[in-house]
Amino acid sequence: MLKFYSMEIVFQEIPDEISLAINITNCPNLCPNCHSPWLREDIGEVLTREIIDNTIQKYKNQITCILFMGGDHSLEDIIDLSYYIKESHKGIKTAWYSGQNKIPKLQPNNPLNYIKTGEYQEEKGGLNNPKTNQRLYKLENQEKQDITYRFWKK
Ligand code: SF4
């Protein structure tokens, strides 16, 4: 089960996409100096298909992607909702920001278009820092392309 704390439209988290970021709670990761400690708590509203439907309906002319921020404790739900979005809302892409250092094993036909990996290390910064340990991959035709460099262009 996934719960979420908030949602917001974001422009920079996924290059070339206008994303609706859903901030998932119950984060199981233990990044030192966590930047969002409230997301580690068991708080928020259960993220249902109905909420996804209503949200996409509300923002359908503004967004191109649904971005799950977190959800490492329940990858099955991330994948299940991503399949649902692909089937029910044609044209909307799906992305997942994981805090894990390794890409979990995914089915070849998994519905995600993007996946970000890597714990938060304050001294290395986020994706927009060239020293970052984090990576953003574009998943296409069963291949993954590291597009982290897109955050470093001036
Ligand atoms: S992934 Fe790391 S930085 Fe993000 S909420 Fe979880 S512990 Fe905090």
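## A look around the predicted fold

Asparagine 26 is buried, because 20 other C-beta atoms sit within 10 Å. Here, buried means that 20 or more other C-beta atoms lie within 10 Å of a residue's own, exposed means 12 or fewer, and partly exposed is in between, with C-beta atoms placed from the backbone. This is a predicted model, in which local features need pLDDT of at least 70 and side-chain atom pairs count only at pLDDT 80 or more, while totals for chains, interfaces and linings use all residues. Residues are numbered from 1 along each chain as its sequence is written.

Back to that asparagine. Asparagine 26 belongs to the loop between S2 and S3, and its phi is near 65°, a positive value in a residue other than glycine. Asparagine 33 is also placed in the loop between S2 and S3, with a positive phi of about 55° although it is not a glycine. Asparagine 33 counts as exposed, because it has 9 C-beta neighbours inside 10 Å. The helix and strand names used here come from DSSP runs (helices are H or I, at least four residues; strands are E, at least two), numbered from the N terminus.

Isoleucine 43 is in the loop between S2 and strand S3 (45-46) too. Isoleucine 43 counts as exposed, because it has 12 C-beta neighbours inside 10 Å. Leaving aside neighbours within four places in sequence, isoleucine 43 is in contact with Lys3, Tyr5, Thr25 and Trp38. Two residues are in contact if their C-beta atoms, placed from the backbone, lie within 7 Å.

Now for the ligand. Which residues surround the ligand? They are Cys27, Asn29, Cys31, Cys34, His35, Ser36, Leu39, Arg40, Gly99, Glu119 and Tyr120. To be near a molecule or strand, a residue needs its C-beta atom, placed from the backbone, within 6 Å of it. The shell around the ligand has five nonpolar, four polar and two charged residues.

Next, helix H2. Helix H2 (residues 75-88) has 14 residues and spans 20 Å from first C-alpha to last, close to the 20 Å expected at 1.5 Å a residue. The expected span is 1.5 Å times one less than the number of residues. Ile78, Leu81, Ser82 and Ile85 are the buried residues of H2. They cover an arc of only 105° around the axis, so they end up on the same side of H2. The arc is that of the directions from the helix axis to the C-beta atoms. An α-helix has 3.6 residues a turn, so residues three or four places apart point the same way. On the other side of H2, Glu76, Glu87 and Ser88 are exposed. What do the buried residues of H2 pack against? Their partners are helix H1 (49-59), strand S4 (65-69) and strand S5 (93-97).

The largest nonpolar core has 27 residues, of which Ile22, Cys65, Ile66, Leu67, Phe68 and Met69 touch the most other members. Strand S2 (19-24), S4, H2, S5, strand S6 (114-117) and strand S7 (135-140) each give two or more residues to this core. S4 gives the most, with five residues. A nonpolar core is a set of buried Ala, Val, Leu, Ile, Met, Phe, Trp, Tyr and Cys residues joined through C-beta atoms within 7 Å. Apart from neighbours within four places in sequence, phenylalanine 68 is in contact with Ile22, Ile24, Ile78, Trp96 and Tyr97.

Lysine 93 is found in strand S5 and is buried, because 22 other C-beta atoms lie within 10 Å. With neighbours within four places in sequence left aside, lysine 93 is in contact with Glu17, Thr64, Cys65 and Asn113. Glutamine 57, in helix H1, counts as exposed, because it has 9 C-beta neighbours inside 10 Å.

Some separations, C-alpha to C-alpha in space:

| Pair | Apart in sequence | Apart in space |
|---|---|---|
| Glutamine 57 and aspartate 72 | 15 residues | 26 Å |
| Isoleucine 43 and phenylalanine 4 | 39 residues | 7.5 Å |
| Lysine 93 and asparagine 141 | 48 residues | 14 Å |

Terms used: Nonpolar A, V, L, I, M, F, W, Y, C, P; charged D, E, K, R; others polar.
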